[in-house]
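Hello,

Here is the structure for you to take over. My notes on it follow below.

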Amino acid sequence: MLAFGLTIKIDSPLSEIGIRQSEAAGQYLRDVKFTNVFVSNMKRAKQTAEIIVRNNRTCHDIELVADPSLKERSFGIAEGGRVIEMKNMAKAAGQPLPEFTPPEGETMEQVKVRIKDFLKAMFQRIANDHQDKIQDGEIPDETDRAPAGLPDDGVLNVPVHALVVGHGAYMSIAMRYFFEDVKCPMPRGLDAAQRYSICPNTGMCRFIITLKCSNAGLALSDLKCVFINRRDHIKS
């Protein structure tokens with residue numbers, strides 16, 4: 001979740017619009033139970049997570065785990081500049097904006113390394129926190145059903161539900177990692193062209209993760225997408 005302005009912010013707090021959108025997200029998710037919350041260590045992400053948790057009816061006192069692996073992609077010399085300027089740089093380089101790396105900025109592959117680091121840490125934290133909820137049987141799979149457009153789509157029977165608050169460009173790369181590298185199937189009705197679009201401010205994505213435990217530790221066994229870039233809480 002990210003509040004975009006006309007400039008590429010380094011570590012700015014939420015704008016007034018961003019605060020209102022975060023409040024709307026919190027109201028939308030108020031009855032959805034979270035067992036863990038992970039958040040970027042950047043100011044606007046922390047504010048967003050705090051607002052969502054404050055609005056939630058079941059997890060007011062939950063710990064917010066700040067992880068620098070979730071921070072926004074670095075845009076190098078373009079940090080602090082206007083978005084139009086980076087668009088012009090990408091055009092001059094003959095590259096689409098999402099795939100363009102400004103000088104001294106992070107490449108997509110470098111961000112993917114951070115994504116993998118975060119997932120590994122999240123899996124371990126969840127396993128440590130919820131040993132009592134580990135199940136031998138199968139959890140009913142709701143992801144084959146078309147989402148009903150409800151805040152709890154896909155998670156009614158899931159024993160552990162983590163809220164992860166990050167940033168738009170970071171999430172766009174995470175989608176590439178999930179759909180291309182991990183081979184996560186797309187949810188029903190999703191246009192393939194929408195997979196990598198920048199997530200709107202406080203936009204929501206939901207994935208169901210199945211883990212397996214081996215001598216080598218925890219590993220991803222299965223990944224299913226319920227929805228991406230949902231913005232039902234934002235009034236047009």
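Counting as a disulfide any pair of cysteine sulfur atoms within 2.5 Å, the total here comes to zero. This is a predicted model, in which local features need pLDDT of at least 70 and side-chain atom pairs count only at pLDDT 80 or more, while totals for chains, interfaces and linings use all residues. Residues are numbered from 1 along each chain as its sequence is written, and side-chain values use heavy atoms, with hydrogens and water left out.

For cysteine 184, the closest cysteine sulfur belongs to cysteine 225 and is 5.4 Å away, too far for a bond. Cysteine 205 is in no disulfide either, its nearest cysteine sulfur being that of cysteine 199 at 4.5 Å. Cysteine 184 is buried at 5% relative accessible area, whereas cysteine 205 is partly exposed at 25% (buried is under 20%, exposed over 50%, partly exposed in between; 1.4 Å probe, protein chains only).

Beyond four places in sequence, phenylalanine 178 has contacts (heavy atoms within 4.5 Å) with Leu119, Lys183, Cys184, Phe207 and Leu223.

Finally, histidine 167 is buried, with a relative accessible area of 0%.

Regards
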